[in-house]
Amino acid sequence: MAAIDGLPPLREVIATHELVAKKSLGQNFLLDLNLTAKIARCAGDLSGCDVLEVGPGPGGLTRGLLAEGARKVLAVEKDSRCLPALAEIAAHYPDRLEVLQGDALAVDVTAHLRTPYKIAANLPYNVGTELLVRWLTPPTWPPAWDSLTLMFQKEVAQRITAKVGDNHYGRLAILAQWRTDAKIVMHLPPEAFQPAPKVHSAVVHLKALPAPRFEADAKVLERVVAAGFNQRRKMLRASLKGVHPRIEAMLEEAGIAPTERAERVSLEKFCTLARLLARG
Ligand code: SAM
């Protein structure tokens with residue numbers, strides 16, 4: 001397969017550096033550089049932008065991001081076996097690729113990137129949701145990033161983009177859609193990866209809104225949504241009992257029937273309820 005950048009094909013890179021995929025690190029590599037360039041394009045115009053990539057592995061998406069014109073890519077990779085392969089890419093794109101070895105959940109990237117930066121990643125399945133929730137719940141809004149372009153297991157992508165009443169609607173949909181425009185931009189079959197996972201995957205693009213879609217205190221909203229969906233089959237008057245002593249009256253004031261279940265309550269109504277709860 002023709003490379004997009006004159007570097008060796010990924011199959012060769014993996015063989016040369018003996019990058020046998022480790023399940024414990026969620027390693028399912030993308031080998032088609034045309035596909036990784038296409039994913040990079042889903043992140044929008046990269047020229048003049050810094051991009052944070054989590055889990056570059058042998059560098060397929062990294063190469064896509066650089067070939068698509070990213071000013072700089074900061075790649076955070078836990079597996080030290082990938083570092084020599086990434087060093088070859090860094091040498092091919094002088095001053096445009098910085099690699100940090102470490103756990104993306106622990107590394108502080110702020111000093112390494114110009115804001116607002118973009119985040120693009122084929123995420124390791126075991127830390128993907130936790131990273132997304134962290135990116136969606138920074139102390140202040142707008143965040144340091146401008147958009148997230150992330151590969152997830154298809155079901156997780158559906159949970160992020162689900163609308164009220166959908167089976168997948170829940171905490172992740174509310175967190176994501178409160179402050180971003182979130183949509184699935186690409187579907188990938190298992191065979192796109194090496195080794196092929198058991199599940200289908202999808203790329204989700206989340207564009208940060210300048211301000212939340214509806215006014216609400218982030219902490220209160222997160223608490224009420226977590227409690228509501230923790231027991232999603234229960235009526236809200238029961239699942240939110242611990243949130244406020246007069247929860248039934250509050251629900252009614254927000255225009256929500258106390259007998260309603262969380263999965264049938266819109267984001268706007270959750271925000272109304274959070275505002276009433278914050279008032280006390
Ligand atoms: N980006 C590559 C691609 O698309 O082919 C690899 C994607 S693979 C699904 C996930 C990558 O994340 C692996 O390279 C793995 O080593 C790395 N990884 C796993 N856990 C990590 C963590 N906590 N912090 C940073 N990287 C991690």
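How much accessible surface does the chain have, and what share of it belongs to carbon and sulfur atoms? The total is about 13,000 Å², with 50% on carbon and sulfur atoms (Shrake-Rupley method, 1.4 Å probe; for residues, only the protein chains shown count as cover).

This is a predicted model, in which local features need pLDDT of at least 70 and side-chain atom pairs count only at pLDDT 80 or more, while totals for chains, interfaces and linings use all residues. Residues are numbered from 1 along each chain as its sequence is written, and side-chain values use heavy atoms, without hydrogens and water.

**View 1. The tryptophan 141 and tryptophan 145 pair.** These rings form an edge-to-face aromatic pair, 5.7 Å centre to centre with 90° between the planes. Rings of Phe, Tyr and Trp (its six-membered ring) pair if their centres lie within 6.5 Å; planes under 30 degrees apart are stacked, over 60 edge-to-face, the rest tilted. Tryptophan 141 is buried at 16% relative accessible area, and tryptophan 145 is buried at 4% (buried: under 20%, 1.4 Å probe, protein chains only).

**View 2. The tyrosine 169 and phenylalanine 229 pair.** The ring centres are 5.8 Å apart and the planes stand at 80°, so this pair is edge-to-face. Tyrosine 169 lies in the loop between α6 (154-161) and α7 (171-179), and phenylalanine 229 in helix α8 (residues 218-230), 60 residues apart. Helices are DSSP runs (H or I, at least four residues), numbered from the N terminus. Both residues are buried.

**View 3. The cluster of Tyr169, Phe229 and Phe270.** Ring pairs link these three residues.

Note on methods. Buried means under 20% relative accessible area, exposed over 50%, partly exposed in between (1.4 Å probe, protein chains only). Helices (H or I, at least four residues) and strands (E, at least two) are DSSP runs, numbered from the N terminus.
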